[in-house]
Amino acid sequence: MKIVYRVNAPISVGQLAEIFEASGLKRPVADKGRIRKMRKHANLTVRAWDGTKIVRVARAPTDLAFCSYVSGLGVRAKDQRRGIGKRMLQLIRRKLGSEVMVLLLSAPQAKEYYPIVGFEKVENAWKIARKR
Ligand SMILES: CC(C)(COP(=O)(O)OP(=O)(O)OC[C@H]1O[C@@H](n2cnc3c(N)ncnc32)[C@H](O)[C@@H]1OP(=O)(O)O)[C@@H](O)C(=O)NCCC(=O)NCCS
């Protein structure tokens, strides 16, 4: 079936938790209050639909002028390597425009992926890890 992409389209808390789980991303899916907040405050999202089923979610909180952070680029295992991730990143970059930097942290299994879709590795990134 044809994949349809939607920017900032509504999604339920259950759907968001489900796609996180199905794509193997480590997210606090048992804590629905926290997933609700994640849904509410991510101001740029792209979702890929296969018919009535969400197959992928990418979230990119941003100030729309200078910086953004892509988190949660996940797709169901059976839908991987169909060009869906690449297309979602294209849509995010188009929406953000050339003035906005896109930052992300790679999961170990995706380290080889991001250079392929246009990201450069940086040495000057620092983080304070969440405790839970
Ligand atoms: C990693 C992931 C986001 C890639 O998305 P995808 O939709 O499967 O990838 P695409 O179909 O857009 O692939 C684009 C290109 O990258 C390659 N590629 C895809 N996944 C790759 C990986 N893990 N390592 C190296 N190359 C990869 C594809 O072969 C393709 O190459 P081509 O353009 O020469 O054909 C996806 O596989 C995924 O959700 N994995 C599980 C969750 C995860 O690890 N998310 C990342 C969190 S940082």
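Q: Which residues have the most contacts inside the largest nonpolar core?
A: In this predicted model, the largest nonpolar core has 23 residues, and those with the most contacts inside it are I84, M88, I92, Y114 and F119. The elements that give two or more residues to this core are β2 (45–50), β3 (53–59), β4 (67–75), α3 (84–96) and β5 (101–104), and of these α3 gives the most, with six residues.

Q: What makes L73, L89, L104, S106 and F119 contacts of Y114?
A: A contact requires heavy atoms within 4.5 Å, and, leaving aside neighbours within four places in sequence, Y114 is in contact with L73, L89, L104, S106 and F119.

Q: Which residues does the second, separate core include?
A: This second core, which is separate, has 13 residues, and A17, F20, I35 and I54 are included in it.

Q: Why is T62 called buried?
A: The word buried is used for values under 20% relative accessible area, and T62 has a relative accessibility of 12%, so T62 counts as buried. T62 lies in the loop between β3 and β4, where, leaving aside its neighbours within four places in sequence, T62 is in contact with N43, L44, C67, S68, L96 and V100.

Q: What makes the approach of the T62 side chain to L64 a polar contact?
A: A polar contact within protein is a pair of N or O atoms within 3.5 Å, one able to donate a hydrogen and the other to accept it, and the backbone nitrogen of L64 lies 2.8 Å from a polar atom of the side chain of T62. The side chain of T62 also reaches the backbone oxygen of C67, at 2.8 Å.

Q: How many residues surround the ligand, and which are the closest?
A: The ligand is surrounded by 22 residues, the closest being R56, R81, G83, K86 and Q109, and the shell divides into 10 nonpolar, seven polar and five charged residues.

Note on methods: Residues are numbered from 1 along each chain as its sequence is written. This is a predicted model: local features need pLDDT of at least 70, side-chain atom pairs count only at pLDDT 80 or more; totals for chains, interfaces and linings use all residues. Side-chain values use heavy atoms; hydrogens and water are left out. A nonpolar core is a set of buried Ala, Val, Leu, Ile, Met, Phe, Trp, Tyr and Cys residues joined through side-chain atoms within 4.5 Å. Buried means under 20% relative accessible area, exposed over 50%, partly exposed in between (1.4 Å probe, protein chains only). Helices (H or I, at least four residues) and strands (E, at least two) are DSSP runs, numbered from the N terminus. A residue is near a molecule or strand if one of its heavy atoms lies within 4 Å of it. Ala, Val, Leu, Ile, Met, Phe, Trp, Tyr, Cys and Pro count as nonpolar, Asp, Glu, Lys and Arg as charged, and the others, Gly among them, as polar.
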